Amino acid sequence: MAKMLIKGNEAIVKGALLAGCEAYFGYPITPASEIAEAASVYFPEVGGTFLQAESEVGAINMVYGAAGAGQRVMTASSSPGISLKQEGVSYIAGSELPAVIVDIMRGGPGLGNIAPEQSDYNQVVKGGGHGNYKTIALAPNSAQEMCDLTMLAFELADKYRNPVYVVADGFIGQMMEPVEFPKPNRNIPEKPWAVKGTAETSDNLISSIELDPDDLEEHNRKMQRKYQEMRESEVRYQAYHCDDAEIILIGFGIVSRVIQSAVDELRAQGVKVGMLRPITLFPFPSDVIRQYTDQVSKFWVMELNNGQMVDDVRLAVENRVPVKFHGRMGGNVVGTDEIIEKVLEEESA
Amino acid sequence: MSGNILEKPQSFYSEYTRKPGADTLTTHYCPGCGHGVLHKLIAEALDDFGVREKAIFVSPVGCSVFGYYYFHTGNVQAAHGRASAVATALKRANPDSIVISYQGDGDLAGIGGNNILQAANRGENFTTFFVNNAIYGMTGGQMAPTTLIGQTTTTTPRGRTHENEGYPLRVAELLATLEAPVYLERVLIGDPKYTMKARKAVRKAIKAQIEGKGFSMVEALSACPLGWKMDPVDAKNWVQDVLVKYFPLGVTRDNISEVEGYVPGENGNGRKPLSDRELVKKIDIPSDETTTTYPLPEAEDRYKHSEIKIAGFGGQGVLSLGVGLSQMGMLQQYHVSWLPSYGPEMRGGTAHCHVKLSHNPIGAPLIEKPTILVPMNKPSLYKFEDSVVEGGDIFYNSSLIDTPPKRSDVNVYPVDATEIADGLGNTKAANMVMLGAIIAKTGLLDKEAVITEMKQIIKKEKYVELNQNAVQAGFDALQSVSG
Ligand SMILES: Cc1ncc(C[n+]2csc(CCOP(=O)(O)OP(=O)(O)O)c2C)c(N)n1
Ligand code: SF4
């Protein structure tokens, strides 16, 4: 299909509709508001539901309800709103419901600012609500991926009956790039467990309660098996010039775009660097990273936070080679020159 | 009452097999508790209206969290306070279903206060049953928003005072201040004297939903002997003698006969799924047939990768000039990216954007060292002049910038953008004048193609021609200038 110049945030909405999403519940917040705005235009247009909820808490519980009714459903917000949604995400995970949650991260903590940060890594990737749950987290780094990974998110949510995050930063949400929209893919599986107000579903129950400790433990073990399956089947990443790299730079989202430019320039100067970009933040590409420990002299992890993903990299690397970290916060975005300087400084030291 | 329910309505399970333990015939409620009575009235009404199979019961967090042990309907258990939000989505997903949202006073009036207020205010077409027992039963008798002044609870050991905890909340009256609800009534349960009235109210509320009238709620004053630390008889009397004095029984809203009902069509929600073709069209995804692409323009080597920073004050069309460049670049086969400054930074009146046009895929969309700078006003020139790469270009709006750039290692082009636009009759076209000027000097884009495709960036039909003229005028102005 023809290319369209479009904001990442709007590409999410089109992707969602191409994936057969039927309902959107949200609450405005910069820099994610274009998602709600575009959803308010297009969802009703295709016979879907759009509702601006009373709060993020209301929105996520509406998502829970619609998911329980068997719909493909989504919500979107930015960091402070995601904090509010966490309780609902825990319920959705505990009740094993499929849902897609988009987080266009901004500066924190507290009200922070609306500039891009990646400081929700922990609350998104580690299961920010209560309980032993995990959410798949997809991290796009282009408008194209905002569409593609949103579509994938719906598929994975249904496949695992689990909440899936699409997690990007303010820049990926706000920037415009050409997007080639794929064909609709609305292969929604049967959901015999849903509660639809029909005779066939009147014995169904959506709930996360298990009073008996053994039952709740078994429920949790079952969920852990599901997460293990995700680890085995759903890891996605991009390796850029890694084959002969002596140093690998790891970053996701907007940072990976900057790293890519830095790698190009460093390569032009004869420095053998590569980039590894996790596309799934959970499941994390730990095995892939570990494999490179035989090849590289060190890893650099660059993030727009105080060092959150770097913990996962260090766990993967198991101290076999040094893992250096460089982070920016407050809405400052690491620059190409800054990355080059960091890498070269280390090498000449 | 005892937990034993004799003649069971069809809308109850005949045996409560979801309930843990050996006793699957009685409820988990305490003797004298009002919940079981209200459950039964609801189940009977669902039976009588023949809607059991369509019904979805939303259990709250509170003593009635286990509503799904009993109701042989679809069941959804909600987070504390959120039943009304969950019910909202359930009903909207399947407008044909009958959604019963059931909440206690802590759940509805405390933690879920905003949710119920907003759901009622939206006129959601579901029915809420609200058990007001003036206490948090489940957690062991703490104060509720409905706890009476002077009432002792485990968190008001000296009795509730209005100075510290405020006054008890009258929900039926509160919701009656809203336009949307069609039916609100407070009843009393637990004493046969009042049961007829309660039964009537329950039926009326559910019927309102079946007829698609909108939001209805029945508030039920109800005993909690355990939480109140009373025996069931004293508790029953306390409801009738004390509680009811603060919470008067009766209808606070009844619009049912005045509202036209909406009953969805036969096939559930009555929505016809769209074909792939229809879907793509409805969500404005361009098709190959409607999109023309142009060959990559032949420009000097240094324009094979351009990093363009455009800056000015709000209203100068800085962001849309950037979008225009990117859009046209895309149609002319470049890799492109556009990144705006956004947020409060724009509120002060300045805006800038980063545009990349490249023969190769684009890494960072941010621009630290522009190859082309386009300052539309003075502050922008001062701010970014030094960042331009050696040998780069500065196209500045000479209508508003009277001191030209000082750099001698870059190509400097004054463009009388604002004045030329004024001459065309609209200051706002200054940005497109600038676009024409940039094209004239760089050859970055094919001008004729830009003019042909102007409708891609100017959505309002009546402004297309103006902007086409602006591009041409900017182009002409710089064509004649050497440099
Ligand atoms: C977020 C959250 N906070 C607190 C609780 C603990 N909790 C469970 S039930 C309840 C109060 C319920 O009271 P009410 O709604 O009046 O219902 P009742 O038990 O009296 O029927 C509370 C505070 C919880 N489950 N979740
Ligand atoms: S604690 Fe109160 S509300 Fe809960 S079951 Fe017992 S009497 Fe009923």
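**Helix packing, domains and local geometry in a predicted complex**

In chain B, helix H15 (residues 417–424) packs against helix H16 (residues 430–442) at an angle of about 115°. The two axes lie 8 Å apart. H15(B) passes H16(B) in a right-handed crossing. From H15(B), the contact draws on B:Ala417, B:Thr418, B:Ile420 and B:Ala421. These residues meet B:Ala430, B:Val433 and B:Met434 of H16(B). By class, this contact holds 6 nonpolar residues, 1 polar residue and no charged residues.

The model is predicted. The predictor assigns the complex an ipTM of 0.96 and a pTM of 0.96. For chain B, the average pLDDT is 94. In that chain, 95% of the residues score at least 70.

Helix H1 (residues 8–18) and helix H6 (residues 143–160) of chain A pack at an angle of about 35°. Their axes are 7 Å apart. The crossing of H1(A) and H6(A) is right-handed. H1(A) contributes A:Gly8, A:Asn9, A:Ala11, A:Ile12, A:Gly15, A:Ala16 and A:Leu18 to the contact. H6(A) supplies A:Ala143, A:Met146, A:Cys147, A:Thr150, A:Met151 and A:Phe154. The residues of this contact divide into 9 nonpolar, 4 polar and no charged.

In chain A, domain 1 spans 3–233 and domain 2 spans 238–348. The C-alpha centres of these two domains of chain A are separated by 28 Å. Their contact takes 32 residues from domain 1 of chain A and 25 residues from domain 2 of chain A. In chain B, the assignment gives domain 1 as 35–258 and domain 2 as 301–479. Between the C-alpha centres of domain 1 and domain 2 of chain B, the separation is 61 Å.

Ligand 2 is surrounded by residues of chain B. Its shell includes four cysteines, B:Cys30, B:Cys33, B:Cys63 and B:Cys224. B:Tyr29, B:His35, B:Asn133, B:Gly137, B:Pro225 and B:Leu226 also belong to the shell. By class, the residues around ligand 2 comprise 7 nonpolar, 3 polar and no charged.

A:Met4 sits in strand E1 (residues 3–7) of chain A. Beyond residues up to four places away in sequence, A:Met4 touches residues of chain A and of chain B. A:Met4 and A:Ile250 are 246 residues apart along the chain. Their C-alpha atoms are separated by 30 Å.

Most residues other than glycine have a negative phi, and most peptide bonds are trans. The bond joining A:Thr30 and A:Pro31 is cis, with omega about 5°. A:Pro31 lies in the loop between strand E2 (23–26) and helix H2 (33–45) of chain A. A cis peptide bond also runs from A:Gly108 to A:Pro109, where omega is near 0°. The loop that holds A:Pro109 runs between strand E5 (99–107) and strand E6 (113–116) of chain A. A:Glu318 is not a glycine, yet its phi is positive, at about 50°. A:Glu318 is placed in the loop between helix H11 (309–317) and strand E16 (323–327) of chain A.

Definitions and conventions
Residues are numbered from 1 along each chain as its sequence is written. Chains are lettered from A and ligands numbered from 1 in the order in which they are written. This is a predicted model: local features need pLDDT of at least 70, side-chain atom pairs count only at pLDDT 80 or more; totals for chains, interfaces and linings use all residues. Side-chain values use heavy atoms; hydrogens and water are left out. A residue is near a molecule or strand if one of its heavy atoms lies within 4 Å of it. Ala, Val, Leu, Ile, Met, Phe, Trp, Tyr, Cys and Pro count as nonpolar, Asp, Glu, Lys and Arg as charged, and the others, Gly among them, as polar. Domain bounds come from an automatic or database domain assignment. Axes are lines fitted to C-alpha atoms, for helices over the stretch in contact, and angles run from 0 to 180 degrees between N-to-C directions. Helices (H or I, at least four residues) and strands (E, at least two) are DSSP runs, numbered from the N terminus. A crossing is left-handed if the near helix is turned anticlockwise from the far one by less than a right angle, and right-handed if clockwise. Contact means heavy atoms within 4.5 Å. pLDDT is the predictor's confidence in each residue, from 0 to 100.
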